[in-house]
Amino acid sequence: MSEWASIRDGVVFEDEAVLVLNKQAGISVMGERHETDLVRMAADAGEELFPVHRIDKVTSGAVLFAKQLRWHGPLTRQFAARTVGKTYLAITAPGGLPAHGVIDLPLSTGRKSRVRVAAPRASIVADADRGTWSVPESEVFGHVRTYPSVTAFATVWQDGRHALLAVRPVTGRRHQIRVHLAWIGHPVEGDPLFGPADAPRTLLHSWRLAFDAAWRDGSRVRAEAAPGPDFWAPVAGRLPGPGPAALLASAPAPPEPPPPGAAPGARPPAAPARPRPAGERRRRRRPPGSPPPR
C-alpha cells in the first residue's frame, strides 16, 4: 500500500464533492518546500484535492478538502464568515481550569513572525468566577496591527497534572488556540512554541467540523475525527471510565462567548482589526493559489 493510500484510510467523511481527512501529526496540509505535504502526496498518487482550510503541522485531526474546484470557493467563504463549526481537543499542563472558559485576548505578530498576545502579559485579567481572561483596552498595543481573538473551552477532564479541553476558536487566527492557552498559563502539552516538548507530539487535535453543503441543498454536514493513541499516551491510565471514546461521548460543549460588555474586555467575535499605525504599509490581497484560511 502506498503512503497516500495509507493516509487516505483516515478519511472520516467523503461524498462526491468533499472529503474530511483525519490528518496525522507531523504532516503539513500544503506548502512544504523541502518535505512532502498532503496535497502533494495526493497529486503524486493521481488525486487532485483543494484544501479548504489549514491546521498546523504539529496538530492532528479533521481537515476539509474539496474534490471539485467549484465547491472550494463556497466552502472557504464559510470559514471566512465563521459559520463553520470547529471543535478541537487539547491536553494542557497543568490542570486547575474552570469548567468553562472564554479567552478574549487580541493577537499580533512579533519578532520573527511569532504570534503573541497584543498586550503585556501582566495586564491579563483573569476572572475565576466567570472563567474569563481579557485585557483592558488601554493595555492593547497601539504600535502594531492587532486582531481581536476569542477562544472558548469546556473542561472535559482534569487532574493536578493535565486538563483535557474541548476548544472552540471563535475567531480563526494563526496559532490562536496554542497562544491563548499558553498565555493564561496552561500551554498545550508538547507544544514546541512554548518550551521543550514533554510529550511525543503536540497534544492538539481537530476533533469536529460542521459546514453547509450547497451540493446537498444546503444541509449541514458534521464530521468527527477520533484522536489516535499517540494523543492519549501522556494521560493513559488516568482517564475515568472505560476509555477515551466514552469520555468524549459525554464531553460538554464549549460555551458561547459573552456578548459585548458582558465581561471586561469582551468584543464582538467579528470585530474588525485595529487601524494600521501611521506609516505601516498596506498588506497585499491574498493572491490566487495562496494557503487557505484557518
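How many salt bridges are there, if a salt bridge is a side-chain nitrogen of Lys or Arg within 4 Å of a carboxyl oxygen of Asp or Glu? The count comes to 14. This is a predicted model, in which local features need pLDDT of at least 70 and side-chain atom pairs count only at pLDDT 80 or more, while totals for chains, interfaces and linings use all residues. Residues are numbered from 1 along each chain as its sequence is written, and side-chain values use heavy atoms, with hydrogens and water left out.

One of the salt bridges joins R8 and E47, with 2.8 Å from N to O. R8 lies in helix α1 (residues 3-8) and E47 in the loop between α2 (38-44) and β3 (50-51), 39 residues apart. Helices (H or I, at least four residues) and strands (E, at least two) are DSSP runs, numbered from the N terminus. R8 is partly exposed at 23% relative accessible area, whereas E47 is buried at 18%. Buried means under 20% relative accessible area, exposed over 50%, and partly exposed in between (1.4 Å probe, protein chains only). R8 and E47 also belong to a salt-bridge network with E14 and K67.

Next come two elements of the interior. Strand β6 (residues 100-104) has four of its five residues buried, so the rest of the structure largely encloses it. β6 pairs with strand β11 (residues 150-158) in the antiparallel sense over five bridges, pairing being at least two DSSP bridges between two strands. With strand β10 (residues 132-134), β6 pairs in the parallel sense over three bridges. D104 has V150 as its bridge partner in β11 and stands opposite S134 in β10.

In helix α4 (residues 176-183), eight of the eight residues are buried, so this helix too is largely enclosed. After α4 comes G185, with a positive phi near 90°.
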